[in-house]
Amino acid sequence: MSSKILNAIWTVAVLVFWASLIFIMGISYNYFSNVQKEQLKSETQLAYQGVSLSGADFFTDLDAKNYRITWIDAQGNVLYDNEADRQEMENHLEREEVREALESGYGEAARYSSTLAEKQLYCARRLPDGTVLRLSIVQATVWTLILGFAQPICLVIVIAFVLSFVLASRLAKKIVKPINEINLEHPEYYYGKENYREVEPLLRQINAQRIQLKNDQEQIEKTALIRQEFTANVSHELKTPLHAISGYAELLENGMVAEGDIKPFARKIRTESSRLTKLVEDIIDLTKLDNGGANDKWESCDLFMIAQNAVDSLQTAAADMDVEISIEGKPLTICGVPQHLYSIVYNLCDNAVKYNHHGGRVSVKVESDGTFAVIKIDDTGIGIPEESQERVFERFYRVDKSRSKEVGGTGLGLSIVKHAVLVHEGSIEMTSQVGEGTHFEVRIPIKRT
Ligand code: ADP
């Protein structure tokens, strides 16, 4: 990263340097050209005065330095030239500056030499006698100017390059140093600190992701632990009825059961088998719900009809327990998974019957408040002690183990209810009084969001 910053700073420095250099050269060239032009003009004026006063004598022993002086008569013939033999020079009438001077008294022109490396500036004036005096000077082109400056420019370039390299690498290190020192385990330490102002949004994002990752990790660990516990519990729960069944079968096989006791033994085997079946069914239900209901078929369904079916299928069991179960409400169409909705009502009503007194009552109500479908289930049963109320939704948690087993409970009913409600993005509330009864209220959004 440091080398990238260094490269960026250095590139910018070099670009700025070259741009400044080109700009300065351009301005200088312009300035020098104007100065030279003005000088040529004033020299022409001086020479004009000299020739006007002294005539041809002015040219005697003349040292014109860098200037070329040419004197031309009105027909364009060269009368004098300080650099060439006038006899060999061609007629100058067609030269732009000469023509202008003859016409208006003053003329100027600029022409490139054939090499293009030089530019010739011309300034001409008509003398009172009709002749023309012309001065010219070689003007350096921008390239000759650059060549003339080559040495100092090279020196400046070398110094600038070295200096910008040193400064850029220092700057790059200074920028990168605090970033390298960041402890990514605790990005929050750097919030509000001067050195980290620019990277603070990045640090906040890293921190948010770090917390998210930590939470996800915790969640994964928790889920793994729950699964582990569940597997252990399942094996244990399965073993109990299996042991009982094989025990009874062994007694029957060895002829250790009296003729009259065979029926009760067979009943016991059947009871244990149906407990086993119920347990396996509940485990399958729960496993499906554990997968987040990925394969569930959502559809429009009548919640009241589903609840009525659940209640109907419990009528016999309720009658056996001498419990009266009733339902009220009217058809209510909601979007849901019928199988899970049935599980919710069935398990809650099943418990309400199972943990009830003889002669007790269970009432089910299906209502709507416009947004939510509300299922209320009240029983006049044994109730749940306060300390157990939080835990009854846990897998295999039972308030009274022997009673649960006696009534064929698996310890999974309320876990299934809780998951099925969650899949529907609903909520469940419970209030209970020992000896008086329990009230469950399930709320399920009518439309799926
Ligand atoms: P189980 O198969 O044992 O009924 P659940 O998960 O359905 O398992 O319920 C957990 C425990 O909560 C039950 O064992 C029971 O002790 C208690 N419970 C559930 N519903 C009721 C109820 N309506 N009245 C009294 N106790 C209840």
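Which helices each supply at least two residues of the lining of the largest cavity? In this predicted model, the helices are α4 and α5.

A search of the whole structure turns up two cavities of 30 Å³ or more. The largest cavity holds about 70 Å³ of space. Its lining includes Glu 237, Thr 240 and Pro 241, along with Glu 272, Arg 275 and Leu 279. Arg 398, Lys 405, Gly 409 and Thr 410 also line the cavity. Sorted by class, that lining has five charged, three polar and two nonpolar residues. Both domain 2 (192–290) and domain 3 (293–445) contribute to the lining, so the largest cavity lies between them.

The largest pocket has a volume of about 680 Å³. Helix α4 provides the largest share, eight residues. The class count for the largest pocket is eight charged, eight nonpolar and six polar. Where does the largest pocket lie relative to domain 2 and domain 3? Both domains give residues to the lining, so the pocket lies between them.

The second largest pocket contains about 510 Å³ of space. Elements that give its lining two or more residues are α5, α6 (303–320), α7 (338–354) and α9 (401–406). Of the 16 residues that line the second largest pocket, Ala 317, Asp 350, Lys 354, Val 407 and Gly 408 lie nearest the centre. Seven of the lining residues are charged, six nonpolar and three polar. Here too, domain 2 and domain 3 both give residues to the lining, so the second largest pocket lies between them.

Last, helix α3, residues 142–180. How far does α3 span between its end C-alpha atoms? The span is only 49 Å, whereas a straight helix of 39 residues would span 57 Å at 1.5 Å a residue. There is a bend of about 65° in α3 at Ala 150, and a proline, Pro 152, follows within four residues. The buried residues of α3 include Leu 145, Ile 153 and Ile 157. Further along, Ser 164, Ala 168, Ser 169, Ala 172, Val 176 and Pro 178 are buried as well. As a general point, an α-helix has 3.6 residues a turn, so residues three or four places apart point the same way.

Methods:
Residues are numbered from 1 along each chain as its sequence is written. This is a predicted model: local features need pLDDT of at least 70, side-chain atom pairs count only at pLDDT 80 or more; totals for chains, interfaces and linings use all residues. Side-chain values use heavy atoms; hydrogens and water are left out. On a 1 Å grid over the protein atoms alone, a cavity is a set of points where a 1.4 Å probe fits but cannot get out, and a pocket is an open set with protein on both sides within 12 Å along at least five of seven lines; lining residues have an atom within 4 Å of a point. Grid points are joined across faces, edges and corners, and a volume is the space filled by probe spheres set on the points. Ala, Val, Leu, Ile, Met, Phe, Trp, Tyr, Cys and Pro count as nonpolar, Asp, Glu, Lys and Arg as charged, and the others, Gly among them, as polar. Domain bounds come from an automatic or database domain assignment. The expected span of a helix is 1.5 Å times one less than its number of residues. The bend at a residue is the angle between axes fitted to the seven residues ending there and the seven starting there. Buried means under 20% relative accessible area, exposed over 50%, partly exposed in between (1.4 Å probe, protein chains only).
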